[in-house]
Amino acid sequence: MRKITIFDTTLRDGEQTPGVNLNTREKVDLAKELAATGVDIIEAGFPSASSGDFEAVLAIAKEVQGVKTAGLCRAVTSDIQRAWEALRHAESPLIHIVIATSERHMLYKLRMSEEEVLRAAVESVKLAKYYCDDIEFSAEDATRSDPQFLCRVLEKVIAAGATTVNIPDTVGYVMPSEYADLVSLVKNQVPNIDKAKISVHCHDDLGMAVANSLAAIKAGADQVETTVNGIGERAGNAAMEEIVMALHTREDYYQAETNINTRKIYRLSRMVSKYTGLEIAPGKAIVGDNAFRHQSGIHQHGVLADRETYEIMSAESIGRYDVNPLVLGKLSGHHAFKELLVENGIHLDDQTVERAFKKFKIIADRKKEITLKDIMAIVEDRMRDVPPTVELVNYQILSCNNVSSTATVMLKRGEETLQKAAIAGGPVDAAFKSITEMIGLDISLESYNIKAITEGADALGEVTVRVKYHDNVFLGKGISTDVIKSSMLAYINAINRIYAEEMFA
Ligand code: KIV
Ligand code: ZN
């Protein structure tokens, strides 16, 4: 059985998804969860892109153990030095250097000749090697590069010390059999290829990222670069959960395995969705809401008789138990609540369990049946906690069909109590207006999204907002059985994230 290395770039390429903005604390939390799930390498960021990126790579390098930490740099001295400043604290650091090798990129973006690109690639690998043993070299836009030039560059960077060579399909252009042929070509034509791992990195512009990655693995690639839920630039990157479960389910075909603990996949996927605010499509393979649901009577009957008639893997194999019905009720105690979390692989510190339990009790008073899905929502909500600089104390909303709505909201900010009434077209609008006026920050609402966590009129409503402050977008989430309250909680959560970021700065 071959071992395939999982190089996860959720925190770098994934964070390049439009509208996503993770702070350092969130990146560290996600990196810990990625490490616990079993990824081999975490690409923590692009240290010279911004001071925020640098801080995040530094924090992950210092705090996350049991995994290799990578930082991306261009083939320029200052990028490599900056990356090393952050990475040198890591248990196992890796410098990742990228330069484009396609004619189009060299001509229009880099304005460099082939020989100049070759020299920059080799010099930068040599410089990085001075700091760090483990070096990955990426030939950006490899699939649209002249294959002979690509092989020449790869040979030279391996000779200079690269331990992994990556051949990205940067623009999601290649087809699976072409990509497999390119991997074979590199294996056959680069004379020193046995001294480096071959990595593949695919984008999903034509919906081929996972198929291309798997074709490359079949052709002999040793490493695959992925993001959780397939998030990333434009149409995204190859989805980690899809590749891992394809290798796992079709072990007979690929004869390859990964270090991923598949039972942790669902929790990781949910966490990435919560932190980034990117919803998962219901029909998304592996982690979508409908991925294990059987609607047609014939299918349901088949599954009841023998699950494998219509299921090629079990929900449990990815750590998914939300297919189960009722789990806890109003009378359930602290112990049962904690047991349920542990049974589902959720290990939280006592303080977080305590806060989540309090919230569970409040909701259990209003909602007859509490399912595992509700509990996951409560726990995930607590996981995104930021210091509550501002808290909702009271509110009163007046809303009817032919006049404007009025919201009177009372907040606490530290020792201060604030109260304001505002009028607007709808109740949420009026509530947000009142909060904005009280807070006095120059913010604007970028997006608002509401969804029911479970079925039924008493379902928990989860609101996600994006709030713009200066040039940054802050995500806020709130859950409650009252959708106006969840809206206010989400808005206040985003405001608290602004305050937290300002304290950090
Ligand atoms: O898509 C790409 O080419 C990249 C490189 C940095 C590997 O993200
Ligand atoms: Zn990419």
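The structure is a predicted model, in which local features need pLDDT of at least 70 and side-chain atom pairs count only at pLDDT 80 or more, whereas totals for chains, interfaces and linings use all residues. Residues are numbered from 1 along each chain as its sequence is written, chains are lettered from A and ligands numbered from 1 in the order in which they are written, and side-chain values use heavy atoms, with hydrogens and water left out.

The protein contains 17 helices and 18 strands; these are DSSP runs numbered from the N terminus, with helices (H or I) of at least four residues and strands (E) of at least two. Its radius of gyration is 25 Å, close to the 23 Å that the globule rule gives for 505 residues, so the protein is as compact as a globular protein of that length. The radius is taken over C-alpha atoms, and the rule is 2.2 Å times the number of residues to the power 0.38. Along the principal axes, the C-alpha trace spans about 75 × 60 × 45 Å.

Of the 505 residues, 55% are buried. Here buried means under 20% relative accessible area, exposed means over 50%, and partly exposed lies in between (1.4 Å probe, protein chains only). The accessible surface of the protein comes to about 22100 Å², and 50% of it belongs to carbon and sulfur atoms; such areas come from the Shrake-Rupley method with a 1.4 Å probe, and for residues only the protein chains shown count as cover. Among contacts with a separation of 6 or more, 66% are accounted for by residues 24 or more positions apart, a contact being heavy atoms within 4.5 Å.

Helix H1 holds Lys27. This lysine is buried, with a relative accessible area of 2%. Leaving aside residues up to four places away in sequence, Lys27 touches Leu11, Glu15, Leu22, Asp53, Ala56 and Ile60. Another lysine, Lys358, is found in helix H14 (residues 350-366) and is exposed, with a relative accessible area of 54%. Lys358 and His334 are 24 residues apart in sequence, and their C-alpha atoms are 9.2 Å apart in space.

Most residues other than glycine have a negative phi. Asn229, which is not a glycine, has a positive phi of about 65 degrees; this residue lies in the loop between strand E9 (223-226) and helix H9 (240-249) and is buried at 13% relative accessibility. Ile286, also not a glycine, has a positive phi of about 70 degrees. Its place is in the loop between helix H11 (265-276) and helix H12 (297-305), and Ile286 counts as buried at 8% relative accessibility.
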